[in-house]
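The following paragraphs lead through the structure shown here, from its domains to its sheet.

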2 protein chains.
Amino acid sequence: MDTLKNLIKKNDSKILLIVLDGIGDLPLKDGKTPLETAKTPNLDTLAKKSALGLHIPVDYGITPGSGPGHLGIFGYDPLKINIGRGVLEALGAGFELKETDVAIRGNFATVKYENGIPIVVDRRAGRIPTEENKRLIKNLSENISQIEDAQIILKSGMEHRFVAVFRFPHLVSSEVETINDTDPQAIGKPPLKPLGKGEMAEKVSRIAEIFSQKVAELLKNEPKANYVLLRGFSVKPNLETFEERFGLKAGCIATYPMYKGLASLVGMKIIDFEGMDIKDEIKTLKREWQNFDFIFLHIKKTDSSGEDGNFDMKTKIIEEFDSFLPEILALNPSVLCITGDHSTPCLLKAHSWHPVPVLIYSPYVLGNTSIRFTERECLKGELGIFYAYKLMPLLLAHAGRLKKYGA
Amino acid sequence: MDTLKNLIKKNDSKILLIVLDGIGDLPLKDGKTPLETAKTPNLDTLAKKSALGLHIPVDYGITPGSGPGHLGIFGYDPLKINIGRGVLEALGAGFELKETDVAIRGNFATVKYENGIPIVVDRRAGRIPTEENKRLIKNLSENISQIEDAQIILKSGMEHRFVAVFRFPHLVSSEVETINDTDPQAIGKPPLKPLGKGEMAEKVSRIAEIFSQKVAELLKNEPKANYVLLRGFSVKPNLETFEERFGLKAGCIATYPMYKGLASLVGMKIIDFEGMDIKDEIKTLKREWQNFDFIFLHIKKTDSSGEDGNFDMKTKIIEEFDSFLPEILALNPSVLCITGDHSTPCLLKAHSWHPVPVLIYSPYVLGNTSIRFTERECLKGELGIFYAYKLMPLLLAHAGRLKKYGA
């Protein structure tokens, strides 16, 4: 990576990275994928004069979560960087994590007591309704705000899930990631004691244990959610920022907390705006275009429709995106890249390992290899199949932002 | 590799890996390769609905032997694992190597004596007939069965070649691989003394020296084969098994000792059966299908016909294999992969570095990229060109045997 860093140069170019989350797919209707089915006259025209290919988000056969998927296209090798489960949950819940935070994923659980010892009888408290979760978190928040010097911040998730952040007045180290989950991963067993290696991990473990006991006391009369299990103790990873790594002042336009969170991890500025639709994002893009060297624009609904197995919806979202392409191109980006963070085939209703279509539009491409932006047409493209974390160097090169290597 | 290991999950899927040894080739007749020339209606149909690509067995430009070739498709980076020459010869000769064995490749040689010092005059003893080799090995075996605490086991190979195994009552370490060959690699020079670094290597060197002297004494009146040169002192590499690495109960169906030996190195169960033909292997496949998660079926004759430069024979073997494809598909494998361990172009009459066609058949592929399973059609496929050791993660993914990486 230092090689690349030494080659970075600055200029006035503007790079736009549009991520259609989960865009890659498999044939499901008439042997076609959603990208192949969608009517995309604008994308078709663009594809003919662009460099096309497919990226492998993490590695061959590896299905990425959203964290590794985005790290890759942001230019960070996802096999070398760990984003803890707690941190990812916190980002997804919209926490703005600080370097003094320990993030933890919590599950409400049901225990019974045998000789005073709690025994787990349901690790998910019967998947209590989210509304009940909110009532419990409100109660806990009012009664547990501080343990030792840690401020305790709680946020409800769906059903039995919540996020706990222990906010300290001092920095916390990744040492706390040695702390084990308290979830025994089986019923009929007592919850595990949190134990970690090192002074700070011991302190956080102690606080977690006190927290668990206070919760148990406060919830002892609840019929289902009378205990909490804690998982994925983690701290915000200390990543080089986009500015440090690529010399880019970068902004993020996204509707979901998770993606804003991931972008903020690499130091992108999160751009505020109203609305949840593509049109709102495009409007924001136009408004902010002059303020950044690099904008990451995230479109969520391609992924959610894939997760739902809703082929027609995914196709429709692609067509909707296509209709905004003229407005996007009118901004005249030096480099426009359209891709996804991973595939989400409707057939699988889940993320998958399949390579993801990539389009790079710039004056410095071969082009004319393919007639559309689809999985199969991208196979014919000049970029071939490459690891996602190689995308950023390609975008920098097409933007004239990389010096020659060696003489 | 630990990343992959942490993602392994088990299910009831069944993976079939068929290796057509040396399948890749170059155009020789009418500008076509054997795969392009062969009439393969069944493979053609399958290719259209499969994921295709080519694998690079070891690295760009590197021609693999059978050892590295198979390690790669078994999911082990062949650049990171050394299989000693002695071990490979022993596997090829059908030895079931133990962890207490030192395997050595031997060559019968001719020496003359000058002032009592042996001087090599023919490093291969005039390539004596294999029958003569057998007579000599019988003689040596009867007269040298033990040196110090090592049991001496000898087995004839072709012409001047044989395998020696020193079997100890204790474990041997890879330290013995520091022992130099005794072959001086030139005529007119005395054989070298075996010398190794470390206590155990010194012991094995001493035994090897005693062995050489005993042989010289026993063969002193032979006109040609009156000495032995020893090469490739090595021990069975300690590889993670298929079960440990991939969570797969794996079986091997192969006709030649070398491939059974390689499969046993990674802990596959070697399935016994009668016969040497493809039909015998397919019959065995059907019989054993329910007993394994993963079966490696090795077909040898594509390689031997390539080595012989016999284009028509190689074409015929491919057609013969094609005729069995309906029976194979009737087993309904979750994932079927057809590939080779390397290319053996008839033009070269030898292994080569050329990428090897790969076909993966599963419900989770794009397909429809190519019309046949040939070198050139595989270039159009969705798998691209990838390192052989990435094949196993792909097969696991297509079998639903890998969890998501990160959240």
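How far apart do the C-alpha centres of domain 1 of chain A and domain 2 of chain A lie? The distance between these centres is 35 Å. The model is a predicted one, in which local features need pLDDT of at least 70 and side-chain atom pairs count only at pLDDT 80 or more, while totals for chains, interfaces and linings use all residues. Residues are numbered from 1 along each chain as its sequence is written, and chains are lettered from A and ligands numbered from 1 in the order in which they are written.

Domain 1 of chain A comprises 2–81 + 239–398 and domain 2 comprises 88–234; such bounds come from an automatic or database domain assignment. Between them, 5 residues of domain 1 of chain A are in contact with 5 residues of domain 2 of chain A (C-beta atoms, placed from the backbone, within 7 Å). On the domain 1 side, helix α9 (residues 257–265) of chain A gives the largest share, 4 residues. Helices (H or I, at least four residues) and strands (E, at least two) are DSSP runs, numbered from the N terminus.

Chain A also holds an open sheet of 8 strands with mixed pairing, in the order β10-β9-β11-β1-β12-β13-β2-β14; two strands pair if DSSP finds at least two bridges between them. Strands β10 (269–270) and β14 (384–387) of chain A each have a single partner strand, so one side of each lacks a neighbour in the sheet. Within the sheet, β1 (residues 15–20) and β12 (residues 335–339) of chain A are paired in the parallel sense over 5 bridges, and A:Leu17 has A:Cys337 in β12(A) as its bridge partner.

Conventions. Contact = placed C-beta atoms within 7 Å.
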